[in-house]
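Please look over the sequence and the model shown below before reading on.

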Amino acid sequence: GFHLLPKAIELCQRQGLDAEFIVQIQHSGWEQRISKADVALRVLKNVRVVEGVLSSAEYAAWTSQIDVMLLPYDPIAFGGARGSGIFTESLTAGRPIIASKGTFAGTSVENNQAEGEVFAPYTSEELAAAIARLIPRLPACNIRATERAKVFAREHNADTYIDVLLTHTRS
């Protein structure tokens with residue numbers, strides 16, 4: 001979904017949305033649409049580009065500065081069952097997300113397991129529309145995201161994992 005970002009951000013800026021974007025760029029230049037998006041992002045206002053692979057401490061420092069995590073994974077390439085560490089980290093941090101419909105993250109938002117917005121079809125315009133829908137609701141989204149993080153922590157821990165394993169061994 002990296003290729004969707006420049007146009008989506010530009011559309012948000014044209015709408016006058018009060019948003020700053022932090023974008024991690026980590027690619028080898030071999031995919032033309034990613035390289036093109038990289039160049040386009042670097043000329044946009046209110047976009048901070050973070051380059052390369054981040055250490056755990058650097059990653060934590062950058063993600064602590066964001067209000068919403070954009071997860072515009074391609075629903076065809078990424079699929080509906082594939083998880084994401086970034087999604088799980090955002091959920092457990094009580095951070096709202098914006099995700100593509102047809103992905104695990106998107107389904108989690110639709111099922112009220114995660115807080116945020118879902119967008120479809122898979123276009124820059126719809127990503128920008130999802131951002132525009134979420135921004136005015138951000139305070140309420142933050143409250144719900146914190147509540148959903150607590151539920152997630154109760155349901156996803158070592159004890160519940162062992163319970164699931166034991167259930168399957170008894171079947």
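## Terms and overall form

A residue is called buried when its relative accessible area is under 20%, exposed when that area is over 50%, and partly exposed in between, with a 1.4 Å probe and protein chains only. By this scale, buried residues make up 37% of the 171 residues in the chain. This is a predicted model, in which local features need pLDDT of at least 70 and side-chain atom pairs count only at pLDDT 80 or more, while totals for chains, interfaces and linings use all residues. Residues are numbered from 1 along each chain as its sequence is written, and side-chain values use heavy atoms, with hydrogens and water left out.

Helices (H or I, at least four residues) and strands (E, at least two) are DSSP runs, numbered from the N terminus. The chain has nine helices and five strands, and from the N terminus on these elements follow the order α-β-α-β-α-β-α-α-β-α-β-α-α-α. Along its principal axes, the C-alpha trace of the chain spans about 55 × 35 × 35 Å. The radius of gyration is taken over C-alpha atoms, and the globule rule is 2.2 Å times the number of residues to the power 0.38. With 171 residues, a compact globule would have a radius of gyration near 16 Å, and the chain, with 17 Å, agrees with this. Contact means heavy atoms within 4.5 Å, and among contacts in the chain between residues at least 6 apart in sequence, 62% join residues at least 24 apart.

## Two pairs of helices

Two packed helices are described by the angle between their axes and the distance between the axes. Here axes are lines fitted to C-alpha atoms, for helices over the stretch in contact, and angles run from 0 to 180 degrees between N-to-C directions. Angles under 35 degrees count as roughly parallel, over 145 as roughly antiparallel, 65 to 115 as roughly perpendicular and the rest as oblique. The axes of helix α1 (residues 5-14) and helix α2 (residues 32-42) come within 8 Å and cross at roughly 30°, which makes α1 roughly parallel to α2. In this pair, Leu5, Pro6 and Ile9 of α1 meet Ala37, Ala40 and Leu41 of α2. For the classes, Ala, Val, Leu, Ile, Met, Phe, Trp, Tyr, Cys and Pro count as nonpolar, Asp, Glu, Lys and Arg as charged, and the others, Gly among them, as polar; the contact of α1 with α2 has six nonpolar, no polar and no charged residues.

The axes of helix α5 (residues 85-92) and α8 come within 7 Å and cross at roughly 110°, and α5 and α8 are therefore roughly perpendicular to each other. Thr88, Leu91 and Thr92 in α5 meet Ala145, Arg148, Ala149 and Phe152 in α8, and by class this contact has four nonpolar, two polar and one charged residues.

## The nonpolar cores

A nonpolar core is a set of buried Ala, Val, Leu, Ile, Met, Phe, Trp, Tyr and Cys residues joined through side-chain atoms within 4.5 Å. The largest such core has 25 residues, and those with the most contacts inside it are Phe2, Phe21, Val23, Leu41 and Leu127. At least two residues of this core come from each of α1, β1 (21-25), α2, α7 (124-134) and α8 (138-155). A second, separate core of 14 residues includes Ile66, Tyr73, Leu91 and Val109.

Leaving aside its neighbours within four places in sequence, Phe2 is in contact with Val23, Gln24, Ile25, Ile34, Ala37, Asp38 and Leu41. In α7, the buried residues are Ser124, Leu127, Ala128, Ala130, Ile131, Ala132 and Leu134, and the buried residues of α7 pack against α1, β1, β3 (69-71), β4 (97-100), β5 and α8.

## Single residues

Pro121 lies in the loop between β5 (116-119) and α7, and a cis peptide bond, with omega about -5°, joins Ala120 and Pro121. Asn46 lies in the loop between α2 and β2 (47-51); its phi is near 60°, a positive value in a residue other than glycine, and at 48% relative accessibility Asn46 counts as partly exposed.

Ser108 lies in helix α6 and, at 3% relative accessibility, counts as buried. Leaving aside its neighbours within four places in sequence, Ser108 is in contact with Phe87, Gln113 and Ala114.
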